[in-house]
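Me: I have a structure open and want to go through its contacts. Can you take my questions one by one?

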Amino acid sequence: MNLEELESTAAHERELCAGQKCRLRVCTGTGCASAGSDRLTQALRERAKERGMEGEVTVTEVGCLGLCAEGPLVKVDATDTLYQNVAPNLADNVLDSLTGEAAGITICNEKQPFFARQNRVVLENAGHIESDRIESYIARDGYRALLHVLAEMSPADVVAAITQSGLRGRGGAGYPTGLKWSTVAKANGPRKFVVCNGDEGDPGAFMDRSVMEDDPHRVLEGMAIAAYAVGASHGYIYVRAEYPRAIKRLKTAISRAERQGLLGSSIAGTSFSFSIDLRVGAGAFVCGEETALIASVQGNRGTPRPRPPYPAMSGLWGCPTLINNVETLGSIAPIIRCGAPWYAEIGTEKSHGTKVFCLTGAIKNTGLIEVPMGITLREIVFDIGGGIPNGGKFKAVQTGGPSGGCIPEQYLDMPVDYESLREVGSIMGSGGMIVMDETSCMVDVARFFMEFCMSESCGKCIPCRVGTAEMYKLLTRIATGAATMNDLSKLEELCSMVRETSLCGLGQSAPNPVVSTLRYFRDEYLAHVQERVCPAGVCPMTARKGVATHA
Amino acid sequence: MRDLLPKTAPPTADKRWRIVDTAMKRNGYAPDGLIETLHAIQETFGYLDEPSMRYVASSLRVPLSKVYGVATFYHHFQLKPQGEHSCVVCLGTACYIKGSSNLLEAVRTRFGIRSGETTPNNKLSLLTARCVGSCSLAPVSVLDGQTLPHLSPEELVEAICALDDTEEAAQ
Amino acid sequence: MPETLTNTEVVTLTINGQEVSARTDETIMEVAEEQGIRIPALCHISGLSDVGACRLCVVEIQGSPRLQPACVTRVSEGMTVTTHNDRLKAHRRTIVEMLFAERNHVCSVCVSNGHCDLQNLAVECGMQEVTLPYLAPSLQVDASHKRFVMDPNRCVMCTRCVRVCDEIEGAHTWDIMGRGVDSRVITDLGKPWGESDTCTSCGKCVQVCPTGALFEKGVSVAEMTKRRQFLPYLKTMREVQK
């Protein structure tokens, strides 16, 4: 497909949509799907047929509209209204609203901060396109960036544009994407690879899932542009087995793109060829680590290896390999389309662009949000998130999953960017944001994450394998009221030792949740150890008073 | 070269082995298709047993110990037959702070199984997930592939009982 | 595994304040050894590939935010390395302590008492007592092989047996199963060693095992000395191949 054909496909699809008198967009994101949006779609179609509105009403299934807390959501384009909590039995009410007054269904205010404060770049298509139809993506300027790059830019131009945009890796550490691309581009190798890291393993995060499920072509386009820039001809998408829908949709997307000549050999009539294979993970968090992911793609146990050499020099089968996360690759097409300066404008001095977060936990508006970097935590939690439900009091927000930390109230006005989060002992991570109120015990939270790291540790290096188990044991002593002050200081020693000596990022950051809770909520630890009480009333504290059993 | 080597026959005459063979063929019988092949076996037969692992090892020319090492490294792979119904309790952060451990406890009390176990009559398997990515619906469980949102322990037990025959599992 | 470097050059680096020259295809460990500096290590054994897993050999490199394992880190021009100081000593001591706490290492009843790498490391790193909680799960001893015994309670998961079996004997009978603190060395499909179809009973795994986890039948407490005379040949052979 060349640019002309792409444009005519886009025009045709837009016409088709415009021709539909009344288009209903039903959100089929995970949240709404579990709340019954699949049944709602069916009901809407059946009722429309029975009421003879078949020709006028088109029911389309779209990706996440964002406000998962109020699902299922339905957007009526003709009246520009969003309805929330539309149970399947309310299908008739939705159809009634097309001709007259809306009754019995709740209108969702799209002017509320939850929507108004967002800036959607990666999620620009979510809620608009039908993920299984490539035409739908093309109609919203899809693959335009790829064809532009192939026709007008040299690989070096692309790398320069990404560097100029200031985009940083959205998988956690925030390594400059342009720098990574240029390293791979410069590396020598008989073959090169591009890998999309879709092993979103952080508990409490589902951004990448949404992107892969709702807008799979965006990921493919980003990979193809990356491949052109670094000189790769083959790519892999590594997806978790826990995301069957994402796997299915990516598979469909790959075959559609191949059929349209947007993937495969001689893309758009140029000499550039790029094919993509899907690799399904099998339940190992550590495979999010680059070298472990490489081992896993090659069919091995997902154990990391010491770096250097970095995958950019020696990755898959010893060849230079570019590994980027889903959200990073999802940002590529808009950057090319709208220009690097436009993207660099968004955000702060060191962290440019937008970031997708999953807002969950003790918060009113749970859901998926995309905000400019530099927004404050308070704006996210209280404006966008709508604050703590049931009159609860904010206690902390956890970012960065098992590698991150808990941020207390005093830092709510801090801007959200890579450096600020690191300064307060957490990390950006992949974008999970779990809000906790007074009913959460920080020792319990730390113990939860340590259990996670312990069972997700690959077991290769001693500090992580034994250290996480030891720290978990000590935290269990604290949580059961069996710990002494000696145990607490032992725990702190282990934290710094495991951090400094572990082989990979999993071990190096495993102590973070403990360190950050000790830093801000030390009194809670002391209450557990010295007074043998759990202030939040969460921990079991089953050990007998005054008896330090060696658990 | 590989074509010259004698082909290993599937462990049984079951026609479904073709699905597994296709998966291996797709990767050109290369050793790096090991995980993909194990996925195919588990999807087809429900779990990985010894004959199937031996078959993969000899077909892909991968050492037996490596096949076993990989199969046990990844928690998605099951080495024992699973029950007719599966209940996956999500233990992600959002679910955890909203009380998913109570869900596990409720299933344990009612059906007498812990995570990773199957009831003696092979009706129900209880599993846990690190995060199923439905955090806005916490706490969630996935019952036979269907995500159940905002669950209370009672609701989960009720939903399990509503699956046919699982009622007997309690006895 | 570090890739083979095709064009090596000679560089100058500083180890513990002493200037030395070395080739860029050498690791810090090798260069230190030539200088008579011993860096404690457990998973590293000359003649087998290096995995950088035990973390005992981690050293400080000026300008690097992280400690690097000496066994796999190649030297470069102007590198300034510190192999011994209080911080590294404390870390090494804790690592050895972790190993003692992880499984059941009671020297007085062990066949390798007095000839044990772990025991020597404890002395070298100054580990006097175990202050961490013992994990020590009770694991089944495998005595099914006609000549050898495997006692997982004394295993330190260094994977020397796995590597020697794969890289030298070519049998790949050993591998690791499970993960994290639950990982174990296994033969074939996790079946008893004696039932293995692939084991050639060459015994190399027993000889490279640093502790009393793998030993010959018939030896009693403190009688199991490991014969590693074949290892220097392997190293030379590998270098010739390179």
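Me: Let's start with chains A and B. How many residues of each are in contact?
Reply: This is a predicted model. In it, 36 residues of chain A are in contact with 30 residues of chain B.

Me: Which elements of chain A supply residues to that side?
Reply: α2 (30–34), β10 (354–361) and β14 (432–437) of chain A each supply at least two residues of the side that touches chain B.

Me: And by class, what is on the side of chain A that touches chain B?
Reply: There are 15 nonpolar, 18 polar and 3 charged residues on that side of chain A.

Me: Now chain C. How many residues of chain A are in contact with it?
Reply: 27 residues of chain A, which meet 27 residues of chain C. Three helices of chain A each supply at least two residues there: α18 (442–456), α19 (462–479) and α20 (485–501).

Me: Which one gives the most?
Reply: α19(A), with 9 residues. By class, the side of chain A that touches chain C divides into 12 nonpolar, 8 polar and 7 charged residues.

Me: Staying with chain C, how many helices and strands are there?
Reply: Chain C has 6 helices and 9 strands. Its radius of gyration is 19 Å, close to the 18 Å that the globule rule gives for 242 residues, so chain C is as compact as a globular protein of that length.

Me: What does the C-alpha trace of chain C span?
Reply: About 55 × 45 × 30 Å along the principal axes. Of the 242 residues in chain C, 47% are buried. Among contacts in chain C with a separation of 6 or more, 63% are between residues 24 or more positions apart.

Me: What domains does the assignment give for chain C?
Reply: Domain 1 covers 10–84 and domain 2 covers 90–237. Taken over C-alpha atoms, their centres are separated by 25 Å. The contact between them takes 14 residues from domain 1 of chain C and 19 residues from domain 2 of chain C.

Me: Different topic. At what angle do α10(A) and α12(A) cross?
Reply: Roughly 35 degrees, with the axes of α10 (residues 207–214) and α12 (residues 244–259) of chain A coming within 8 Å. The crossing of α10(A) and α12(A) is left-handed.

Me: Which residues meet there?
Reply: R209(A), M212(A) and E213(A) in α10(A) meet R245(A), A246(A), R249(A) and L250(A) in α12(A). By class, that contact has 3 nonpolar, no polar and 4 charged residues.

Me: Last one. Which residues of α7(A) are buried?
Reply: In α7 (residues 144–152) of chain A, the buried residues are A145(A), L146(A), L147(A), V149(A) and L150(A). What covers them includes α1 (3–19), α8 (155–165), α11 (216–230) and α14 (326–338) of chain A.

Methods
Residues are numbered from 1 along each chain as its sequence is written. Chains are lettered from A and ligands numbered from 1 in the order in which they are written. This is a predicted model: local features need pLDDT of at least 70, side-chain atom pairs count only at pLDDT 80 or more; totals for chains, interfaces and linings use all residues. Two residues are in contact if their C-beta atoms, placed from the backbone, lie within 7 Å. Helices (H or I, at least four residues) and strands (E, at least two) are DSSP runs, numbered from the N terminus. Ala, Val, Leu, Ile, Met, Phe, Trp, Tyr, Cys and Pro count as nonpolar, Asp, Glu, Lys and Arg as charged, and the others, Gly among them, as polar. Domain bounds come from an automatic or database domain assignment. The radius of gyration is taken over C-alpha atoms; the globule rule is 2.2 Å times the number of residues to the power 0.38. A residue is buried if 20 or more other C-beta atoms lie within 10 Å of its own, exposed if 12 or fewer, and partly exposed in between; C-beta atoms are placed from the backbone. Axes are lines fitted to C-alpha atoms, for helices over the stretch in contact, and angles run from 0 to 180 degrees between N-to-C directions. A crossing is left-handed if the near helix is turned anticlockwise from the far one by less than a right angle, and right-handed if clockwise.
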